[in-house]
Amino acid sequence: MRLIIFIFLVSFKLNSQILKDPIAKTWILEGLNKSYNFQFAEAEEIYNKIKAKYPTNPAYSTLMQMMLYTQYAPVKDNSKAKLQYLSHLNKAVELSEKMIDKNENDTEGIFFMLSSLGSLAAWQADNDEIMKAVNTARKSFSFMKKGMKLTNVQSDFLFTTGLYNYYIEQYPEDHPIVKPFMIFFSDGNKKLGLQQMENCSNRAIFTHVEAAYYSAYIYLKNESRSDKALVFINNLTEKYPNNLLFETRKAECLVNLGKYETAKPLVENLMKTQGKIYPLAGLVFQGIIEEKQSKNDIQAAIFYKKALKIPVDVRFTQDYIAIAYLGLGRIALREKNKKLAKQYFEKSIELSEYQSTDNEAKRLLKNI
């Protein structure tokens with residue numbers, strides 16, 4: 001899942017090519033639903049139909065790079081998938097440029113380019129190339145501004161517009177290094193951005209799933225409102241029961257809200273899942289359940305430490321790792337080991353981008 005990954009799917013009324021084709025639009029929706037439900041082989045079969053019918057359109061490459069990013073998360077750790085992902089991403093940029101070269105007002109080409117640049121910026125950020133990500137985002141801004149003017153015409157534009165309004169304010173708060181470069185962008189409005197994404201989740205045709213997911217993500221990460229996040233996530237997990245990302249967020253919401261019994265089956269499933277990211281999250285959630293419901297610090301510490309031993313790029317799990325360190329800090333504090341607790345809290349603060357985790361760690365550290 002990315003910040004700007006489905007903008008090209010908007011049903012354009014002008015200069016549209018592939019999306020004037022009702023069969024192609026049906027394939028896109030079917031493929032997306034399969035991909036959202038983690039049925040990747042079925043999704044790829046559908047995407048291949050799009051490639052065969054529209055070989056010079058960026059749709060196929062864009063859909064494929066997005067699917068690979070989700071399927072192999074973190075894709076950077078899988079050498080074969082990484083090469084495929086970058087190949088599709090570069091191809092999408094190339095084909096989008098050709099469309100724009102032929103007609104600079106080609107709406108579909110512009111938005112395929114916006115999607116590609118959004119994915120490129122996300123890739124650069126994932127690889128700690130923050131300044132490259134900022135420059136790529138700046139390059140895409142001219143396309144973004146056009147979408148902002150079309151929200152009343154097409155609800156799907158509310159997704160990218162809402163994300164922009166929220167993150168253009170939030171991202172510099174999380175990454176102060178980029179603040180001097182924000183002069184190149186228009187100001188945003190976090191409250192308005194959240195409202196636009198919520199409206200999008202209720203009204204849009206193609207981007208309602210992304211809008212719902214990112215609304216939940218923001219309420220969890222930045223707004224510390226697990227209750228609000230759970231409303232969005234419940235709808236997604238009902239429709240896409242195989243989606244491990246959605247399941248992880250639901251388990252997180254439930255644990256945060258103290259709904260431990262409801263969370264337990266989800267947490268157990270995450271711990272049994274293949275891979276690294278989802279089992280790591282499951283172990284952290286189980287640690288919280290042991291610590292806060294069962295009041296078993298010994299078992300809780302075992303789960304927290306087991307999560308920390310999983311070798312995965314911290315960029316993709318840093319918030320869960322920060323939660324584990326916070327839990328270990330609380331346990332050390334109860335054991336009267338202030339020195340160790342201080343070390344754990346400091347590590348949690350270093351890693352966390354969750355407002356609630358950061359606030360708790362700082363409060364506990366201050367009182368040592």
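**Helix packing and aromatic pairs in a predicted model**

Visitor: In which helix is the place of Lys-221?
Guide: The structure is a predicted model. In this model, Lys-221 belongs to a helix spanning residues 208–221, namely α9.

Visitor: Is Lys-221 buried or exposed?
Guide: Lys-221 touches Asp-319, Glu-353, Tyr-354 and Gln-355, leaving aside residues up to four places away in sequence. A residue counts as buried under 20% relative accessible area. Lys-221 has a relative accessible area of 7%, and is therefore buried.

Visitor: At what angle do helix α10 and helix α11 pack?
Guide: Two packed helices are described by the angle between their axes and the distance between the axes. Helix α10 covers residues 226–239 and helix α11 covers residues 244–256. Their axes are 9 Å apart, and the angle is about 145°.

Visitor: How many nonpolar residues has the contact of α10 with α11?
Guide: Among the residues that meet are Leu-230 and Ile-233 in α10, and Phe-246 and Leu-254 in α11. By class, this contact has four polar and three charged residues, and its nonpolar residues number seven.

Visitor: Are the rings of Tyr-240 and Phe-246 stacked or tilted?
Guide: Tyr-240 is buried at a relative accessible area of 3%, and Phe-246 is buried at 0%. Their ring centres are 6.3 Å apart, with 55° between the planes. Planes under 30 degrees apart would count as stacked and over 60 as edge-to-face. The pair of Tyr-240 and Phe-246 is tilted.

Methods: Residues numbered from 1 in each chain as written. Predicted model: local features only at pLDDT ≥ 70, side-chain atom pairs only at ≥ 80, totals over all residues. Heavy atoms only, no water. Axes fitted to C-alpha atoms, helices over the stretch in contact; angles between N-to-C directions. Helix = DSSP H or I, 4+ residues; strand = E, 2+ residues; numbered from the N terminus. Contact = heavy atoms within 4.5 Å. Nonpolar A, V, L, I, M, F, W, Y, C, P; charged D, E, K, R; others polar. Buried < 20%, exposed > 50% of the residue type's maximum accessible area, 1.4 Å probe, protein only. Phe/Tyr/Trp six-rings, centres within 6.5 Å; stacked < 30°, edge-to-face > 60°.
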